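Please keep the structure in view while reading.

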Amino acid sequence: MNSDDEQLLEGRVYGADPDRPGPLPGRSYVELVGGPLDGLLLDITGWTQDEIGTGVSLLTDLGQFGPGGRALYDPRPGSRGRFDWSGDSP
């Protein structure tokens, strides 16, 4: 991914409708930091503290394993608004 691709993804919500890719009012988001989804926002509205603390495995074609692969993100200790990339998974 080059810097132009990164700028296109920044500020967009993972899994959002392409016609409305940005955050919506009244929703809660965390920023994905590092890895193939760097700069995207993840909607965590309605998640419990246990769900947030577990982290996520997100489908992406951009990771090490290509189509069908997953990017793994874990909550950043001490920063409630960020999930850090911890690797890719098939």
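In this predicted model, Asp74 stands opposite Asp84 in S5. Local features need pLDDT of at least 70, side-chain atom pairs count only at pLDDT 80 or more, and totals for chains, interfaces and linings use all residues of the predicted model. Residues are numbered from 1 along each chain as its sequence is written, and side-chain values use heavy atoms, with hydrogens and water left out.

**Sheet**
- S4 and strand S5 (residues 79–89) pair in the antiparallel sense over 7 bridges, where pairing requires that DSSP finds at least two bridges between two strands.
- The open sheet holds 5 strands in the order S2-S1-S5-S4-S3, with mixed pairing.
- Strand S2 (41–43) and S3 stand at the edges with a single partner strand each, so one side of each is left without a neighbour in the sheet.

**Chain**
- The protein chain has 2 helices and 5 strands, counted as DSSP runs (helices H or I, at least four residues; strands E, at least two) numbered from the N terminus.
- Along the sequence, the pattern is α-β-β-α-β-β-β.

**Core and contacts**
- The largest nonpolar core has 12 residues, among them Val30, Ile44, Tyr73 and Phe83; such a core joins buried Ala, Val, Leu, Ile, Met, Phe, Trp, Tyr and Cys residues through side-chain atoms within 4.5 Å, and buried means under 20% relative accessible area (1.4 Å probe, protein chains only).
- Strand S1 (29–33), strand S3 (56–60) and strand S4 (69–76) each supply at least two residues of this core.
- Leaving aside neighbours within four places in sequence, Ile44 is in contact (heavy atoms within 4.5 Å) with Ser28, Tyr29, Val30 and Ile52.

Conventions: Buried < 20%, exposed > 50% of the residue type's maximum accessible area, 1.4 Å probe, protein only.
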